[in-house]
Amino acid sequence: MANLSLKHIYKVYPNGAKAVNDFNMQIDDKEFIVFVGPSGCGKSTTLRMIAGLEEITAGELKIGDTVVNGMEPKDRDIAMVFQNYALYPHMTIFENIAFGLRMRKIPDVKRDKEGRPVLDKDGKEIPVMRKYNKQELSAKVNEAAEILGITEYLKRKPKEMSGGQRQRVALGRAIVRHPKVMLLDEPLSNLDAKLRTQMRSEIVKLHKKLETTFIYVTHDQIEAMTMGTRIVVMKDGFVKQIDTPKNLYKYPANKFVAGFIGTPQMNFFACTLKKSGDKVKIKFTDADAEITVPYAALMKTTPHYLDGSKNVILGFRAEAVSLDGAGDAKIKVKISHSEELGTETLVYGDLNTEGGADTRIIIKAGGFRQFEPDAVCTATLDTEQIHLFDAETEESIMPRIPEFNYLDCSVKGGKLTFLGITETLPPAISCGEGKGELLIPVSAVKFGGDIKAKVTDSETVNGKILLTLEINSGRLYALSDEERKGDVSVGIDYKAITLRAGGSETLPMPRINCLDGTLIAEKKDGATVYSLLIGGEKFAAPEEVYTKIFAATTGRKAFNTAFRYEWDAYGLSVGESGISAEVEEMLDYGEEKFARVNACGQTLYVKTDADLSGTVRIVPDAAKVSVVESERRIRIV
Amino acid sequence: MNKANVKVVKAKTKRVLNVLITYCILILVAFIFFFPCLWLILASFSKSGSIYSFDGFFPAQYGFDAFKSLFTDTVMYNYPRWFANTLFIAVMSCILGTLLTILTAYCMSRFRFKSRKAMMKATLLLGMFPSFMGTIAVYLIMTQFNLINQHWGLILIYSAQAPMGYMVQKGFFDTIPYSIDEAARIDGASNFTVFVKFILPLSKPMLVYTALTSFTWPWSDFILPKMLLIDKDLYTVAVGLMSLGETEFARFAAGSIFIAIPIIVLYFCLVKYMINGMAAGAVKE
């Protein structure tokens with residue numbers, strides 16, 4: 001009965017191996033979260049860090065409103081079910097379940113022998129902590145046993161029970177305490193297939209009944225898809241995607257998720273994209289095949305992938321192709337063999353009818369159909385259900401929230417024209433004249449400006465609302481915190497845009513300023529003061545900052561470690577004393593002014609209201625700092 | 001008889017011969033082992049006492065005189081007193097030594113701390129030297145602490161040396177799945193609770209083994225008590241028996257036989273706990 005918050009959680013082993021990398025997640029109350037991924041991806045480690053069985057190297061873990069990083073497992077009010085059950089072999093099932101209760105005390109008031117509350121001299125009850133008594137214990141154990149159907153086995157020992165029953169006992173031991181969070185570490189992987197399916201639905205039922213937050217670790221994607229309200233897909237210590245089962249299936253963020261979720265595996269082919277008019281031609285690299293899809297299906301695709309030169313990966317599921325459907329996107333397939341699964345038949349074939357490069361395709365066809373091996377058929381692709389990934393990064397190139405709006409524009413006399421509107425460029429943006437292109441991050445479209453627009457579509461993606469705006473029949477994506485409809489007015493945050501025109505390019509102002517430094521300790525009036533040491537200057541570090549640094553590094557090593565301190569432009573200011581910096585340029589973005597300065601060999605952007613020149617002193621705000629350990633690249637604060 | 005039958009008979013003779021040879025060897029080995037023991041038992045029932053009055057290899061006459069005098073003639077050689085001394089030292093060393101050994105083993109098995117590996121290697125290495133190598137040093141230390149001629153000095157040495165052999169116990173603790181500890185910790189148990197409520201009940205066979213070994217060593221040790229105990233009244237049985245006169249061989253033999261009784265009793269009391277499979281059913285292997 002609590003929400004969880006994981007912020008920049010890292011697990012780094014003493015030998016430098018990173019098991020979990022920058023894990024960020026908000027888990028709401030009563031959610032059923034599933035961590036899924038191949039073995040060694042860090043899912044169990046993350047769970048064990050939540051349980052308190054594994055130390056958190058860096059980051060902040062909250063259960064409810066309490067930071068539990070340094071807390072003992074027993075104080076976190078969690079319960080865990082282990083893969084190998086971990087029952088207490090010398091105790092009866094009753095004792096196994098009751099043990100957690102016996103270890104706990106409950107608040108009560110002081111009572112006399114007859115059970116009446118004893119009052120103090122002010123006539124108030126005296127609060128005390130006491131252990132569960134016999135009746136309470138057996139009532140609670142019996143209640144848990146009844147839920148799981150193991151009442152008749154309570155007097156037995158674990159070794160007299162079967163695998164499924166033992167796992168029930170392990171569940172009983174967890175639920176009897178009514179914990180805030182239930183953690184389950186591959187609880188079903190030791191059971192046989194039939195029992196697993198049965199226990200799967202029982203655990204889902206249990207979750208509904210208990211109304212507790214569940215975190216479930218599995219390597220089985222079917223378990224993940226059928227049980228979770230949200231799924232975290234992990235690989236090599238990195239979170240690959242966090243979303244609902246439906247969204248993971250429909251909108252995989254990268255090739256790994258696309259291939260991991262769903263059976264049979266998604267079909268992948270190397271290809272290139274070429275846009276002509278309102279159509280996009282997809283040409284397969286390894287096979288003599290080509291399909292044409294309407295541009296409307298690839299609207300959010302980053303434009304520079306559409307010029308036919310970039311290698312991309314096309315992905316589509318077995319059910320997105322059919323051997324007898326109607327449509328324009330047709331490909332020739334040479335069938336190699338088929339598997340009859342009852343309600344459906346999986347047809348395996350190759351796009352390359354001549355043989356050669358591996359172009360294996362799996363197609364789902366209706367039940368009990370016969371296919372001749374080596375026959376060449378025509379398959380039809382549903383263009384609504386295709387996925388595209390970058391060939392190198394393997395990230396989706398048609399994300400649900402596009403990063404940028406790509407617009408054609410022209411610059412003339414300090415005025416920028418795009419989407420049929422003309423805006424005066426702020427002095428900070430100096431650009432050549434002529435036609436060019438404009439990249440506006442979706443997050444840089446602000447509401448409340450002087451550009452009139454109409455909301456044509458809105459879509460909620462991971463708690464954010466993506467609005468499609470229409471401006472003079474052109475399209476602009478914007479992110480909003482609230483639902484908006486009809487006519488709105490928007491403005492552009494010019495410091496975030498990229499503008500290429502007239503042979504010159506203006507890049508956005510970097511959001512992060514980095515400075516290298518260390519942490520030092522000094523004795524002052526008997527107390528130890530910890531400071532950030534940057535370029536020979538000291539800035540007192542707030543308690544929150546240095547305690548986190550100490551937690552992430554160990555002991556005195558903290559003082560020999562190089563850190564990268566980061567601030568946004570608002571975290572730095574100009575003052576009387578501080579890091580010496582040379583002003584290079586003043587940037588005037590209209591409403592706001594920034595100074596570009598050079599300090600300690602780094603270029604910094606500082607928010608300022610005055611026009612600066614020459615040498616200034618930069619004062620960073622130590623409370624707003626975020627700290628990255630340079631060597632291991634761990635975000636500490 | 002046809003050929004096949006001849007083969008069967010041949011195989012049968014061969015098998016019988018094999019068994020016969022095996023038993024002959026086993027009986028021979030057993031005899032070599034048991035003969036000294038047997039001889040000692042016979043000697044303890046010798047009526048005359050002195051080894052010189054034996055009729056060849058075996059005593060000339062048999063009787064219970066040696067056993068009687070062991071407990072009745074206590075003016076010169078106070079055997080009951082020695083026995084009590086030995087029992088006290090052995091029981092105390094057994095309790096303290098077992099406690100220290102299992103705590104050391106638990107520590108090494110369950111906790112990961114700096115220099116753990118180095119300490120394990122060092123103890124292993126030190127354990128390879130015979131314990132009497134340090135007797136002079138031990139003697140000097142004991143004089144410094146004024147523990148010469150005191151039973152507690154011996155008990156301290158025995159208990160302190162016992163954890164050197166923690167490896168066997170650690171190996172046993174390692175077989176108890178770590179997830180039981182983790183489950184207990186999540187259920188609210190402290191390290192001490194885990195140790196007392198889970199590790200100890202699950203390692204009964206190992207506890208018995210540890211207790212037996214740490215009992216038998218002080219019980220039969222000679223070198224240390226010989227060096228540290230001066231008063232005859234403080235002697236342990238081993239030292240006391242050595243102080244017997246030449247003509248008291250039967251008494252010596254009787255004393256040696258009698259000293260084996262507590263160990264045999266202890267063994268039969270504890271043997272029922274030395275069973276395997278305590279942790280069955282805990283985890284899925």
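This is a predicted model: local features need pLDDT of at least 70, side-chain atom pairs count only at pLDDT 80 or more; totals for chains, interfaces and linings use all residues.
**The whole chain**

Chain A has 637 residues, and 48% of them count as buried. The chain holds nine helices and 43 strands. Its C-alpha atoms fill a box of roughly 95 × 90 × 50 Å along the principal axes. Chain A exposes about 30200 Å², of which carbon and sulfur atoms supply 47%. Now take the contacts between residues at least 6 apart in sequence: 65% of these join residues at least 24 apart.

**A six-stranded sheet**

One open sheet in chain A has six strands. Their order is β35-β34-β33-β36-β42-β43, and the pairing is antiparallel. Which strands stand at the edges? They are β35 (537–540) and β43 (634–635) of chain A. Each has a single partner strand, so one side of each is left without a neighbour in the sheet. For β35(A), four bridges make the link to strand β34 (residues 527–534) of chain A. Here A:I534 has A:E537 in β35(A) as its bridge partner.

A helix packs on this sheet: α9 (residues 543–552) of chain A. Helix α9 touches β33 (513–524), β34, β36 (563–567) and β42 (626–629) of chain A. The direction of α9 makes about 95 degrees with that of β33(A).

**Two hairpins**

Strand β39 (residues 593–599) of chain A takes part in two hairpins, one with β38(A) and one with β40(A). Strand β38 covers residues 579–588, and strand β40 covers residues 602–607. Both pairings are antiparallel, with six bridges to β38(A) and six to β40(A). The table sets out the turns.

| Hairpin | Residues between strands | Turn residue | Phi |
|---|---|---|---|
| β38(A) and β39(A) | four residues | A:G590 | about 85 degrees |
| β39(A) and β40(A) | two residues | A:C600 | about 50 degrees |

Phi is positive at A:G590 and at A:C600. What stands opposite A:D588? It is A:K593 in β39(A). Further along, A:A595 has A:V606 in β40(A) as its bridge partner.

Notes:
Residues are numbered from 1 along each chain as its sequence is written. Chains are lettered from A and ligands numbered from 1 in the order in which they are written. Side-chain values use heavy atoms; hydrogens and water are left out. Two strands pair if DSSP finds at least two bridges between them. Contact means heavy atoms within 4.5 Å. Axes are lines fitted to C-alpha atoms, for helices over the stretch in contact, and angles run from 0 to 180 degrees between N-to-C directions. Buried means under 20% relative accessible area, exposed over 50%, partly exposed in between (1.4 Å probe, protein chains only). Accessible areas come from the Shrake-Rupley method with a 1.4 Å probe; for residues, only the protein chains shown count as cover.
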